[in-house]
Amino acid sequence: MAGVAQIGWYGLGSMGIGMATNLQKHLVATKAKDLVFSNRTRSRGAPLQELGAVEETSFSKLVSKCGIIFTMVANDDVLNGLVSSVVASGESLKDKIFVDCSTVHPDTIGAAAAKLKEKNAAFVCAPVFGGAPVAAAGKLVFAIGGPQGARETVKPLIQDIMGRKVIDCGDDPQKSSLLKIAGNIVTVSLMETVGEAQVFAERTGLGTGPMEELITEAFGPTAGSYSQRLTTGIYAPPLNTRPGFGVSLSIKDAAHALKMAKDANVELPALEVAQNNMIAAREYGGECLDSSSMYGILRQKAGLAFWNEKSRQGGK
Ligand SMILES: NC(=O)c1ccc[n+]([C@@H]2O[C@H](COP(=O)([O-])OP(=O)(O)OC[C@H]3O[C@@H](n4cnc5c(N)ncnc54)[C@H](OP(=O)(O)O)[C@@H]3O)[C@@H](O)[C@H]2O)c1
């Protein structure tokens with residue numbers, strides 16, 4: 001099917017734009033049909049159009065044109081809305097493959113898969129690990145779960161195009177969602193730890209430079225990139241820009257993990273600390289903050305300003 005199916009993409013946020021760009025470049029290079037894309041904010045698609053991709057004005061129109069439909073949207077409500085709208089549209093969805101790359105709760109994935117199965121469509125849950133620069137570089141790690149035939153169809157569109165690694169979680173799409181939620185326990189807790197270490201380094205006179213060098217060398221490039229989000233100030237970017245990983249998205253991820261942990265009688269104290277600091281950061285600095293903005297609260301608790309010399313200097 002992959003050889004002939006028209007491929008569609010909905011969702012051109014910080015992650016989606018890089019992923020869709022890499023996919024379109026691959027389709028051009030292999031002389032396949034150009035990507036059909038859509039996004040709520042239409043101007044976000046301009047760079048894709050320049051590469052030859054074709055815009056559709058709504059998700060339902062995109063679905064009617066495509067056999068394989070990728071979605072990369074903010075949260076559970078948005079995905080629910082998209083799936084419900086196409087299921088209710090009455091259009092035939094037979095043999096279509098829906099591939100969602102967003103981070104959502106396994107229950108949301110289960111419900112979406114069931115609704116689409118009733119319409120004889122397949123649903124693959126394919127959440128990703130890595131930030132916007134990693135997405136732009138085509139080096140994400142994917143976890144994919146869903147019916148085997150559909151998984152095999154979409155893997156060649158991912159491996160070495162949008163991702164450096166595909167972790168196959170088998171037939172159950174909820175498993176890949178669960179892996180993503182579990183991975184975010186590490187992501188968010190590591191951001192908190194790096195932030196704490198950097199505030200410690202600044203307040204003790206060690207300095208953030210040597211600390212960042214050490215974090216990168218001893219704990220790897222991912223930890224190093226979290227440190228750079230602080231030292232370059234992008235934890236609090238200018239108000240008219242889109243954060244790399246918006247603080248509300250990270251709060252959503254941590255909330256999913258904390259709820260699932262509670263249901264499973266597991267304690268996640270480090271994640272709870274990080275979650276409270278992210279919520280406090282959002283209260284102080286608003287939505288235009290990166291997930292690493294718990295750093296601003298850690299700074300305040302140590303008697304420093306929320307903003308550092310490289311971040312924006314106020315506003316929300
Ligand atoms: N950023 C990261 O580092 C990262 C890493 C791994 C996973 N994730 C996950 O990947 C997903 C996307 O993240 P992102 O950083 O790309 O988010 P983002 O920049 O906030 O983009 C979100 C996307 O969802 C769309 N959207 C939001 N609300 C909508 C609505 N009510 N109706 C229709 N479309 C709507 C946005 O459209 P507009 O363009 O119109 O706003 C945009 O296309 C999230 O689930 C996130 O948790 C993010």
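UniProt annotations may be inferred rather than shown by experiment. With that understood, the unreviewed UniProt entry lists Lys180 under "active site". The structure discussed here is a predicted model.

Six strands make up an open sheet, arranged in the order 3-2-1-4-5-6 with parallel pairing. Strand 3 (54-55) and strand 6 lie at the edges, and each has a single partner strand, so one side of each is left without a neighbour in the sheet.

From strand 4, the reader can move across to strand 6. Strand 4 (residues 68-71) runs parallel to strand 5 and is joined to it by four bridges. In this pairing, Ile69 is placed opposite Phe98 of strand 5. Strand 5 (residues 97-100) is in turn joined by four bridges to strand 6, again in parallel. Here Phe98 stands opposite Phe123 of strand 6.

The annotated residue, Lys180, is located in helix 8 (residues 173-203). Is Lys180 buried or exposed? A residue is buried if 20 or more other C-beta atoms lie within 10 Å of its own. Lys180 has 29 C-beta neighbours inside 10 Å and therefore counts as buried. Apart from neighbours within four places in sequence, Lys180 is in contact with Thr103, Pro127 and Ala143.

Key
Residues numbered from 1 in each chain as written. Predicted model: local features only at pLDDT ≥ 70, side-chain atom pairs only at ≥ 80, totals over all residues. Pairing = 2+ DSSP bridges. Helix = DSSP H or I, 4+ residues; strand = E, 2+ residues; numbered from the N terminus. Buried ≥ 20, exposed ≤ 12 C-beta atoms within 10 Å, placed from the backbone. Contact = placed C-beta atoms within 7 Å.
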